[in-house]
Amino acid sequence: MAEASARHNRMVREQIEVAGGRVFKTVGEASRAVFADTSAALAAAVAIQRAADTEPWPPWPPGPPIKVCIALHAGACAERDGDYFGPVVNRVARLLAAGHGGQVLVSGAASELLDGRLPGGIGLRDLGEHHLKDLGHAERVFQATGPGLDRGFGPLRSLDDPALRHNLPSQATSFVGRAAELAELRSLVLRESRLVTIVGPGGIGKSRLALQVAAEALDGAGDGVWLVELAPVGEPELVARTVAAVLQVREEQGRPMLDSLVDAIGGRYLLVVLDNAEHVLGAAAKLADAMMRCCPRACLLVTSREPLGISGEHVFRVSPLAVPPADLPPPAGWPLSSRCSCSPSAPPCTGKASPSTRVTPRRWRQSASAWTGSRWPSSSPRPGWVRCRCRRSAPGSISGSGC
Ligand SMILES: Nc1ncnc2c1ncn2[C@@H]1O[C@H](COP(=O)(O)OP(=O)(O)OP(=O)(O)O)[C@@H](O)[C@H]1O
Ligand SMILES: [Mg+2]
C-alpha cells in the first residue's frame, strides 16, 4: 500500500511539473497544485489520468486499478509561506468531493479561461449547475472528455444528487472561513460524540456553521441529514412533534410523540440538526437524552445560545469569524458592494452580479489561476453512520469506483 501511495504521488507530481505547475500541498494521496495557465492545468490532469491507466501499480493490495479524481478551478487567492488560502481553495476542494475516480472536473470559472484554449483532442462536457457541499450559489461544472479519459460516471456527489437524502436549504451566500472549526466539528460529529451543541451569542454564525458541517457530512450513506428549525416553535411540547414532522414519523394515538419518534428512529443512521434550541432548551434536552439512549446510531448537532446541560453533550463554543486578508476577493454570491470594498482593483460597481465581475481577468492574471486536486481511494472505511465511499469489494481489495 505504501509503495502504491508513494508511486502515485510521484507520478502526479511529475505530470504537474512537466506541465509547468507546482504542487504546494500533499496530504496522503491528495495533492493540491497551482498553475499560471489553466490550459496547462487541464493538460496535466489529462496526463495524470493517462499515466494512472498505464502505471504498473504494485500487485498488492489486489483489486481493480487505482483511479484518480481531479478538479480544476480558477481565481484569485491569498498566498502565505507557499500555501494558498481563501474561497477559491475551498471551492476546488468541494468540487473534488463531488467527483468520481477517473473523472476530471472543471469549474465554470476555469472553463471560461479555457475558451478556445483546450489541449488537443480534449473537450468539455457540460454537467449543468450543481450545489457543491456549501449550500451557497450553484456552480456550473464541466467534465473533461477525450482520448484516454474515462466516461460514464454516476451523478456528481453534489447536494442535488438524489442519492443524498437531506432537507438542507440553499443559502444566499457561500460559506466563509472557519476551516479549523469545520474540521474539528466534522471529526466530533462523525467520530467522537453523537451529541454536539454549538454554543455562542446571537448572530455569531452557529446555525450557518451547523448547516455547513451537515452538508459536508452527507455522503449518501445511512438515512440522511435532517434540519429541524426550532426558531418558530413556540411551545416546548411541540419540539418532538416538529422533529417527527421532518422525519415523517406519525403520531400514535395515546402514546407520547417522543416515544413514537425514538422508536421510529431506532437503529437508523441519521444526523439531525436541531437549530436554535435556546428558547425550548428543556424540551430539546429531553429529546436529545431520549435519542442518545434509544437510538444508538443517531447523531444530534444542536445550535443554541446555551448548552443543553445533559450528560454526553459535547459543547463547542464558537468565536467570532476571523477577518479575511485584505487582498482576498469575497466569495461568490456576496453582494457586489462588499466585493468592491474587498477588491480595490476591481472595475467600478455596476450593481449587477455576473460571473465575469466576481474576479476580474486582471486579478486572475495577477494571481494563481488554476488548481488541481487529486484524490485516491482510501482503504480505511470510516466508522459510524457516514461510511467511506470507497468500499472494499473483497477483503484486502479496493473497489474500482474509487472516490
Ligand atoms: N461562515 C459564514 N459564512 C457565510 N455566512 C455566514 C457565516 N457565518 C454566519 N453567516 C451569516 O451571518 C448571519 C448570522 O449567522 P447565523 O444565523 O448562523 O447566526 P447564529 O449564531 O445562529 O444566530 P442566532 O443565535 O440568532 O440563531 C446569517 O445570515 C449567516 O448566513
Ligand atoms: Mg441560529
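This is a predicted model: local features need pLDDT of at least 70, side-chain atom pairs count only at pLDDT 80 or more; totals for chains, interfaces and linings use all residues.
In total, 18 residues surround ligand 1. The closest are Val176, Gly205, Lys206, Ser207 and Arg208. Among the contributors to the shell, helix H6 gives the most. This helix spans residues 206-217 and supplies 3 residues.

Helix H8 comprises residues 257-265. Its buried residues are Met257, Leu258, Leu261, Val262 and Ile265. These residues lie on the same side of H8, because they cover an arc of only 125 degrees around the axis. Several elements cover the buried residues of H8. Among them are two helices, H7 (238-246) and H9 (281-294). Strands E11 (270-275) and E12 (298-304) are also included in this cover. Gly266 follows H8. The phi of Gly266 is positive, near 45 degrees.

A hairpin is formed by strands E1 and E2. Strand E1 covers residues 22-27, and strand E2 covers residues 30-35. The two strands pair in the antiparallel sense, over 5 bridges. Val27 has Ala30 in E2 as its bridge partner. Between the strands lie 2 residues. Gly28 in this hairpin takes a positive phi, near 65 degrees. In E2, 5 of the 6 residues are buried, so the strand is largely enclosed by the rest of the structure.

Methods:
Residues are numbered from 1 along each chain as its sequence is written. Chains are lettered from A and ligands numbered from 1 in the order in which they are written. A residue is near a molecule or strand if its C-beta atom, placed from the backbone, lies within 6 Å of it. Helices (H or I, at least four residues) and strands (E, at least two) are DSSP runs, numbered from the N terminus. A residue is buried if 20 or more other C-beta atoms lie within 10 Å of its own, exposed if 12 or fewer, and partly exposed in between; C-beta atoms are placed from the backbone. The arc is that of the directions from the helix axis to the C-beta atoms. Two residues are in contact if their C-beta atoms, placed from the backbone, lie within 7 Å. Two strands pair if DSSP finds at least two bridges between them.
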